[in-house]
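Hello,

Here is the structure for your first reading exercise. Please open it and keep it beside this email.

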Amino acid sequence: MSFFLEVLVGGLLSGIMYSLVALGFVLIYKASSVFNFAQGAMVFFAVLSFVGFMELGLNFWAALPVTIGLMVAVGVMTERFVLRPLVGQNEDTLLMATIGLAFIVEGVAQLAWGVEVRRLDLGIRDEPMGWLADKADILVSQLDIAAGLVAGILVAVLALVFSKTKVGRGLRAVADDNAAALSIGIPLKQILVLVWATAGVVALVAGMLWGARSGVQFALVGVALKALPVLIIGGFTSVPGVIVAGLIVGAAEKMAEVYLGPYVGGGIEGWLPYVLAVVFLLVRPEGLFGEKIIRRV
């Protein structure tokens, strides 16, 4: 039983971090109906810049606000120089713009900071938490628990902000109908800038948590691909949806890898989330908490 709980807790903690990455997609999609293909590149750029600033001599607490400022600037410039000129274009054009942006961000990151794999030390040991091992005989890494707590708190705070505040109401109005939101005085441009800046900060936190676990490297761009099943299952427009879906995906892939992996040759956690996503697309295309679209002929 303790081993089962150990696997389950580890999967849930990974799922919370998937939710954090997916949250960046949801924020932008809710505001502009654009799937931001560059979110993975922003994760990579953010954490690589953070480590780069520390290599230049800044300590952790000095590099953090500098990098936050940088990612806010990246979000603002993206909205101003990439998306704003394309307002009114179809969604395919905007999607292609974010694909191009992804390659630009990846190239700038490696041009500025190099391509070497870096180690990121957050001061938290990647070893089992002692009291949990002693009391419940469950081995869960201190780093995983800390990362899960940070990701969970950030996701919860953003969920509350965008559901309970004036900014959140404005975002929901913009998501429903841009023209109607403008007609009642909601500042569309400011909302979009705020959303892109927030997505940049979310990318930094996600990059730090994943980078501390697996190293700061180009492979972090692929984290965005693991967030795609979370988006499909939870719904592209739902913040609570990506939280629940992240937990489902994280727990399912870990449990399947441990208990089914030996019978299928292993590697099941690499493709099971996408199988779940396909099932949801066939059964409930809008996701668990997404808005159902009824098309009239």
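Start at Phe289, which sits in the segment after helix H13 (272-283). Helices (H or I, at least four residues) and strands (E, at least two) are DSSP runs, numbered from the N terminus. Phe289 counts as partly exposed because its relative accessibility is 44%. The cut-offs are these: buried means under 20% relative accessible area, exposed means over 50%, and partly exposed lies in between (1.4 Å probe, protein chains only). From Phe289 to Val249 is 40 residues in sequence and 15 Å in space, C-alpha to C-alpha.

Before going on, two notes on the source. This is a predicted model, where local features need pLDDT of at least 70, side-chain atom pairs count only at pLDDT 80 or more, and totals for chains, interfaces and linings use all residues. Residues are numbered from 1 along each chain as its sequence is written, and side-chain values use heavy atoms, with hydrogens and water left out.

Now the whole chain. The protein chain has 13 helices and zero strands. Its radius of gyration is 20 Å, close to the 19 Å that the globule rule gives for 297 residues, so the chain is as compact as a globular protein of that length. That radius is taken over C-alpha atoms, and the globule rule is 2.2 Å times the number of residues to the power 0.38. Along its principal axes, the C-alpha trace spans about 60 × 55 × 35 Å. Of the 297 residues, 46% are buried.

Next, the salt bridges. A salt bridge is a side-chain nitrogen of Lys or Arg within 4 Å of a carboxyl oxygen of Asp or Glu. By this rule there are six.

One of them joins the side chains of Arg118 and Glu55 (3.0 Å, N to O). This pair links distant parts of the chain, 63 residues apart: Arg118 is in the loop between helix H4 (91-113) and helix H5 (130-136), and Glu55 is in helix H2 (residues 39-55). Arg118 is buried, at 11% relative accessible area. Glu55, Glu116 and Arg118 are linked in a salt-bridge network.

Another joins Arg213 and Asp144 (2.7 Å, N to O). Here too distant parts are linked, 69 residues apart: Arg213 is in helix H9 (residues 188-214) and Asp144 in helix H6 (residues 142-164). Arg213 is partly exposed at 29%, whereas Asp144 is buried at 18%.

A further one joins Lys226 and Glu253 (3.3 Å, N to O). Lys226 lies in helix H10 and Glu253 in helix H11 (residues 239-259), so the pair ties together parts that are 27 residues apart in sequence. Glu253 is buried, at 1% relative accessibility.

Helix H10 (residues 223-234) also holds Ala224. Ala224 is buried, with a relative accessible area of 12%. Ala224 and Val43 are 181 residues apart in sequence and 8.4 Å apart in space, C-alpha to C-alpha.

Last, the surface charge. Which residues gather in a patch of positive charge? They are Lys164, Lys166, Arg169 and Arg172. Patches are made of residues with over 30% relative accessible area and no salt bridge; like charges are joined within 9 Å, and nonpolar side chains (Val, Leu, Ile, Met, Phe, Trp, Tyr) within 5 Å. Lys and Arg count as positive, Asp and Glu as negative; His and the chain ends are not counted. Helix H7 (residues 166-176) gives the most to the patch, with three residues. Arg172 is in helix H7. Arg172 counts as partly exposed because its relative accessibility is 33%.

Best wishes

How values were computed:
Accessible areas come from the Shrake-Rupley method with a 1.4 Å probe; for residues, only the protein chains shown count as cover. The place of a charge is taken as NZ of Lys, CZ of Arg, CG of Asp or CD of Glu.
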